[in-house]
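Please read this report alongside the sequence and the three-dimensional view.

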Amino acid sequence: MTLTRTVEGLKNGTVIDHIPAGQGLRILRLFKLAELGERVNVGFNLTSRHMGVKDLIKVENVELTEAQANELALFAPRATVNVIRDSEVAKKHKLAMPATIEGIFACPNSNCISHVEPVDSFFYVTPQGNDVKLKCKYCEKGFSKDIVTAVE
Amino acid sequence: MANPLFRKHILSIPDFTRAELELIVDTAARLKAQPRDDLLKGRLIASCFFEPSTRTRLSFETAIQRLGGRVIGFDNASNTSTKKGETLSDSIRIISSYADAIVMRHHKEGAARLASEFSEVPVINGGDGANQHPSQTLLDLFTIRETQGTLEGLTLAFVGDLKYGRTVHSLAQALSLFGCRFYFVGPEALAMPDYICETLDSRGISYTLAETIEEVLPEIDILYMTRVQKERFDEADYQKIQGRFVLREDMLRGARDNMKILHPLPRVDEIETAVDASGHAYYFEQAKNGVFARQALLSLVLNETV
Ligand SMILES: [Zn+2]
């Protein structure tokens with residue numbers, strides 16, 4: 001794929017490709033991509049040469065930032081995030097696991113102060129083998145990423 | 001040169017370095033040996049107990065007054081605007097504009113760290129839910145150093161409820177910086193949580209699970225007792241474990257001379273009262289030391305040099 005290739009059906013926006021099949025819906029929900037009022041095209045269980053099956057999301061008129069792209073790395077470490085301007089790939093984000101995750105999902109600990117105060121949730125991310133552990137800055141509890149996203 | 005805790009918040013034990021813990025313990029020892037009534041002179045400390053805790057509050061307020069400081073505050077949030085729905089962050093913004101430091105206790109976990117983000121003055125955590133109670137850990141460290149002359153390379157047994165006992169969690173975390181060894185003695189259902197064991201593993205600290213107090217007694221310098229709450233078990237299970245984690249006087253025969261018994265108090269029946277008269281009992285002195293540890297914290301946070 002070259003940087004000048006036209007992306008079908010998307011003039012300006014972001015394409016998130018190579019999402020592991022089954023994670024697409026979760027990403028849509030967590031990053032509230034469907035709530036932005038922009039047109040969103042979603043493909044689930046598409047054929048992929050490298051992955052077998054994959055999910056794909058295209059959002060019109062929204063450019064994901066580097067930080068947002070990195071937050072995706074938690075759920076889809078091999079995803080590709082391309083920002084499209086005038087039907088051309090203007091930027092390819094390289095995903096890196098973020099050190100912190102802010103304001104994306106609530107703390108699973110129901111007695112955590114972050115639920116009742118005007119602050120964003122805040123987790124420290126620590127790699128643990130092939131997985132990651134998330135630690136809430138406030139209540140100091142540690143969680144797996146699956147628990148954290150399941151409570152949303 | 002300003003001490004490293006000057007104008008800092010005191011929120012959670014894992015925030016501290018070994019040198020900072022030693023500074024607090026040294027300062028507490030100095031203040032116990034040579035009382036000072038001037039270190040908080042002219043200072044006003046807010047004592048904000050959103051959740052009541054008479055002991056902790058009295059211990060902090062004693063520490064403040066003995067250092068020459070003055071106290072404002074409340075001991076029950078039901079009389080405050082919290083009851084009317086004011087957020088903690090707004091309360092803290094306002095209180096921090098009145099006082100030179102805030103001592104607070106709150107039933108929600110993370111409350112003190114959140115408060116520190118809205119406060120113009122140092123926040124000292126007097127307990128946030130099941131999370132942290134750093135001044136308790138600091139008084140434990142001070143007491144252990146006082147009885148053993150060192151914090152380095154000691155062997156301790158933690159007995160009782162190791163799962164919910166936040167005092168043993170924080171103490172194990174703190175002592176892991178000093179190369180101590182641990183025995184964990186308690187019912188399987190109340191075992192030490194994984195995250196504490198992981199911290200110990202990552203620091204190369206050795207710990208052993210043991211069935212009874214007797215088997216570890218000859219090995220240890222400190223016996224740290226906590227209470228197994230009956231409510232955690234159904235009746236039949238409680239019958240099985242009842243008495244296994246209770247300290248009786250006759251068990252002390254195998255103990256080392258330097259061995260001291262600690263307990264965060266209040267105790268119910270996990271230490272027989274006959275133990276109180278033995279030279280090993282140190283839990284009442286430990287409670288008294290709470291005032292010196294809190295004096296050390298307040299002095300260091302509010303003075304460049306102590
Ligand atoms: Zn939390």
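## The zinc site

Donors are here N, O and S atoms within 2.8 Å of the metal (3.2 Å for Na, K and Ca), and because water is not among the atoms, sites may look incomplete. This is a predicted model, in which local features need pLDDT of at least 70, side-chain atom pairs count only at pLDDT 80 or more, and totals for chains, interfaces and linings use all residues. Residues are numbered from 1 along each chain as its sequence is written, chains are lettered from A and ligands numbered from 1 in the order in which they are written, and side-chain values use heavy atoms, with hydrogens and water left out.

At 2.3 to 2.4 Å, the SG atoms of A:Cys107, A:Cys112, A:Cys136 and A:Cys139 coordinate the zinc ion. The angles among these 4 donor atoms are 103 to 114°, and the site is tetrahedral, a term that for four donors requires all angles to lie between 85 and 135 degrees. Along the sequence, the donor residues follow the spacing C-x4-C-x23-C-x2-C. Strands are DSSP runs (E, at least two residues), numbered from the N terminus.

A:Cys112 is buried, with a relative accessible area of 0%, and A:Cys136 is likewise buried, at 2%; buried means under 20% relative accessible area, with a 1.4 Å probe and protein chains only.

## Strands around S3

Strand S3 (residues 52–60) of chain A is mostly covered, with 7 of its 9 residues buried. Strands count as paired if DSSP finds at least two bridges between them. Strand S1 (residues 13–20) of chain A runs antiparallel to S3(A) and is joined to it by 6 bridges, and A:Gly13 has A:Glu60 as its bridge partner.

Strand S2 (residues 40–48) of chain A also pairs with S3(A) in the antiparallel sense, over 7 bridges, with A:Asn41 partnered by A:Lys58. S2(A) and S3(A) form a hairpin with 3 residues between them.

## The contact between chains A and B

The contact, meaning heavy atoms within 4.5 Å, takes 16 residues from chain A and 17 residues from chain B. Of the area that chain A buries against chain B, A:Asn111, A:Ile113 and A:Glu140 supply 40%, more than any other three residues.

The rule finds 4 salt bridges across this interface, each a side-chain nitrogen of Lys or Arg within 4 Å of a carboxyl oxygen of Asp or Glu. In one salt bridge, the side chains of A:Lys137 and B:Glu117 meet at 2.6 Å, N to O.

Conventions. Four donors count as tetrahedral if all angles lie between 85 and 135 degrees; four count as square planar and six as octahedral if opposite donors are over 155 degrees apart and all others between 65 and 115; anything else is irregular. Buried means under 20% relative accessible area, exposed over 50%, partly exposed in between (1.4 Å probe, protein chains only). Helices (H or I, at least four residues) and strands (E, at least two) are DSSP runs, numbered from the N terminus. Buried area is the accessible area (1.4 Å probe) that two parts lose on being put together, summed over both.
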